[in-house]
Amino acid sequence: MTANAPPLGRMLDAGWRALAYCLMPQVIWLSLLPLVLAAVTLGGLAWWGWGDGVAWVRSVLDGWVVSHHVLAALDGWGLSQLRMAMAPLVLVLVVIPLVVVTCLLLVATLMTPALVKLVVRRRFPGLVSRYQAPWWRSLWWSSQATLLALSVMVVSLPLWLVPPLAVVLPPLIWGWLTYRVLVFDTLADLATPQERDELLRTHRSTLLTMGVISGYLGAAPAALWALGVVALALAPVILLLSVWIYTLVFAFAGLWFAHFLLAALNALRLEASAAEPLLPSQTVGETS
């Protein structure tokens, strides 16, 4: 895929390459590392705090005027059986974004550097590092993006009870967060701040689109909760399975961003080298 290809073509090229890399044993193994950490933390919370969490959410909904209107609407639509599932569903809607954020940060911290090195070694062996961002700068970048995304999530949470917005808002929030975190971490140990800013300026819309698509892919594990009562009974197990699926999705996203950004960085450097003026000695040698 050439540097002059349209953005959609370059995005699709990076996408199929990322999908192929996801089948490598090394990538599958890397996806298990965040799973172990997330499973210990989130599995313990789900196992010990699920019943109390459902009871607390139910008490909050009972004292919330908006929830009474929603429940009345469900009764009017003939969906009264969803009353008992409302509290667990709301809790799931709150827990799943936290799972997404946890997996994203784990992928960014544990997997992204390894995935970037894999892509560099196999596809861009001549791409040298010109800058290495301090670890605290990467942590600061990810932390401020995460706090902003969580703030938007909390503010917009009442809107998630509206079916159309529940489908649109979460992937948009997590897509933006994916885009912000993975762009920085992919280029942290390779590109200079000037190169990173140039790539962000040139490819912002494409990268944001990739982030939003990744956000929608990250919503796929939510289909596990469509099992209804069975899903609620097996909530800890399904939550852990969701963590692994989320991790695989974000591993794909990390590889997708790596293939796209490293190709763009390589093209940027080639263009910069071609545009460099000739040295006086080189000019004289060519004209004599």
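Which side chains does a polar contact of 3.2 Å join? They belong to R130 and E195, and a polar contact here is a pair of N or O atoms within 3.5 Å; within protein, one must be able to donate a hydrogen and the other to accept it, and residues adjacent in sequence count only if both atoms are side-chain atoms. Before going on, know that you're looking at a predicted model, where local features need pLDDT of at least 70 and side-chain atom pairs count only at pLDDT 80 or more, while totals for chains, interfaces and linings use all residues. Residues are numbered from 1 along each chain as its sequence is written, and side-chain values use heavy atoms, with hydrogens and water left out.

**The overall picture**

- The protein's secondary structure comes to ten helices and zero strands; helices (H or I, at least four residues) and strands (E, at least two) are DSSP runs, numbered from the N terminus.
- Of the 288 residues, 43% count as buried, where buried means under 20% relative accessible area, exposed means over 50%, and partly exposed is in between (1.4 Å probe, protein chains only).
- Take the contacts between residues at least 6 apart in sequence: 83% of them join residues at least 24 apart. Contact means heavy atoms within 4.5 Å.

**How α5 and α6 pack**

- Helix α5 (residues 135–156) packs with helix α6 (residues 163–187) at an angle of about 175°, and their axes are 9 Å apart. Axes are lines fitted to C-alpha atoms, for helices over the stretch in contact, and angles run from 0 to 180 degrees between N-to-C directions.
- That angle makes α5 roughly antiparallel to α6. Angles over 145 degrees get that label, while those under 35 count as roughly parallel, 65 to 115 as roughly perpendicular and the rest as oblique.
- On the α5 side, the residues that meet α6 include W141, L148 and M153; on the α6 side, the partners include I173, W176 and F184.
- The residues of this contact divide into 14 nonpolar, four polar and three charged. Ala, Val, Leu, Ile, Met, Phe, Trp, Tyr, Cys and Pro count as nonpolar, Asp, Glu, Lys and Arg as charged, and the others, Gly among them, as polar.

**The nonpolar cores**

- The largest nonpolar core has 39 residues, and those with the most contacts inside it are V183, L207, L255, F257 and L262. Such a core is a set of buried Ala, Val, Leu, Ile, Met, Phe, Trp, Tyr and Cys residues joined through side-chain atoms within 4.5 Å.
- Helices α1 (7–21), α2 (25–62), α4, α6, α7 and α9 (235–275) each give two or more residues to this core, with the largest share, 13 residues, coming from α9.
- Leaving aside neighbours within four places in sequence, L255 is in contact with A18, Y21, C22, V27, L115 and V119.

**The loop between α4 and α5**

- Back to R130: you'll find this residue in the loop between α4 (83–123) and α5. R130 counts as partly exposed because its relative accessibility is 48%.
- R130 and A191 are 61 residues apart in sequence, yet 5.9 Å apart in space, C-alpha to C-alpha.
- Besides E195, R130 is in contact with L190, T192 and R269, leaving aside neighbours within four places in sequence.
- L127 is found in that loop too, between α4 and α5. At 7% relative accessibility, L127 counts as buried.
- Not counting residues up to four places away in sequence, L127 touches V120, L190, L262, L265, N266 and R269.

**Three threonines to find**

- T192 sits in the loop between α6 and α7 (193–218) and counts as buried, at 16% relative accessibility. Neighbours within four places in sequence aside, T192 is in contact with R130 and Y131.
- T186 lies in helix α6 and is buried, with a relative accessible area of 1%. A polar atom of the T186 side chain lies 2.6 Å from the backbone oxygen of L182.
- Again leaving aside neighbours within four places in sequence, T186 is in contact with T112, V116, F257, A258 and L261.
- T109 has its place in helix α4, and T109 counts as exposed, at 58% relative accessibility. T109 and D185 are 76 residues apart in sequence and 8.3 Å apart in space, C-alpha to C-alpha.
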